[in-house]
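Me: I am new to this structure and would like a close look at a single part of it. Please keep the answer plain and connected.

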Amino acid sequence: MAKTELSGTVTAFRQSKFKQDSYQTIVDLADKDQAGKLLGARVVWRRQDGLQILGRVVARHGSKGAVRVRWDRGFPSQALGTQVKILP
C-alpha cells in the first residue's frame with residue numbers, strides 16, 4: 001500500500017521574545033489527526049521556478065494539529081502562507 005502525501009500551510013517562524021529562528025517554522029496540517037504520526041516525516045516546499053527546500057517534522061505544536069518543521073536551509077519569509085507537501 002502506497003503512502004499518501006499530505007499538505008499543510010506554513011503559518012509562522014518559531015520565535016521567542018527577542019529572536020526569530022528562520023530554520024524552523026510552524027505548519028498547520030490539512031488533516032489535523034495526523035500530527036502525532038508525522039514525526040520524522042520529510043517536508044518539501046517548492047517555488048514556481050523549481051527551487052525546493054527540504055525539511056523534517058521535529059515536533060508537534062499545540063493541540064490543534066500543527067507541527068514544527070526544521071528546514072535544511074533558511075526559510076524565506078516571503079513563503080509564509082504558502083503550501084508544503086509532507087511525505088510520510
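Is R42 buried, partly exposed or exposed, and what is its relative accessibility?

Reply: The model is a predicted one. In it, R42 has a relative accessibility of 26%, so this residue counts as partly exposed; the cut-offs are under 20% for buried and over 50% for exposed.

The side chain of R42 meets that of D72 in a salt bridge, with 3.7 Å from N to O. R42 belongs to strand β3 and D72 to the loop between β5 and β6, so this pair ties together parts that are 30 residues apart in sequence. D72 itself counts as exposed, because its relative accessibility is 54%.

W45 counts as buried at 6% relative accessibility, and F75 counts as buried at 4%.

F75 has a further ring partner in W71. The centres of these two rings are 4.7 Å apart and their planes lie at 25 degrees, so the pair is stacked. W71 is buried as well, with a relative accessible area of 3%. The count of aromatic pairs comes to two, and W45, W71 and F75 form one aromatic cluster.

Another one joins the side chains of R47 and D49, at 3.0 Å from N to O. R47 is partly exposed at 42% relative accessibility, while D49 is exposed at 56%.

The remaining bridge is between E5 and K85, whose closest N and O atoms are 3.7 Å apart. E5 sits in the segment before β1 (6-15) and K85 in strand β6, so that pair ties together parts that are 80 residues apart in sequence. E5 counts as partly exposed at 44% relative accessibility, and K85 is partly exposed with a relative accessible area of 38%.

How values were computed. Residues numbered from 1 in each chain as written. Predicted model: local features only at pLDDT ≥ 70, side-chain atom pairs only at ≥ 80, totals over all residues. Heavy atoms only, no water. Phe/Tyr/Trp six-rings, centres within 6.5 Å; stacked < 30°, edge-to-face > 60°. Buried < 20%, exposed > 50% of the residue type's maximum accessible area, 1.4 Å probe, protein only. Salt bridge = Lys/Arg side-chain N within 4 Å of Asp/Glu carboxyl O. Helix = DSSP H or I, 4+ residues; strand = E, 2+ residues; numbered from the N terminus.
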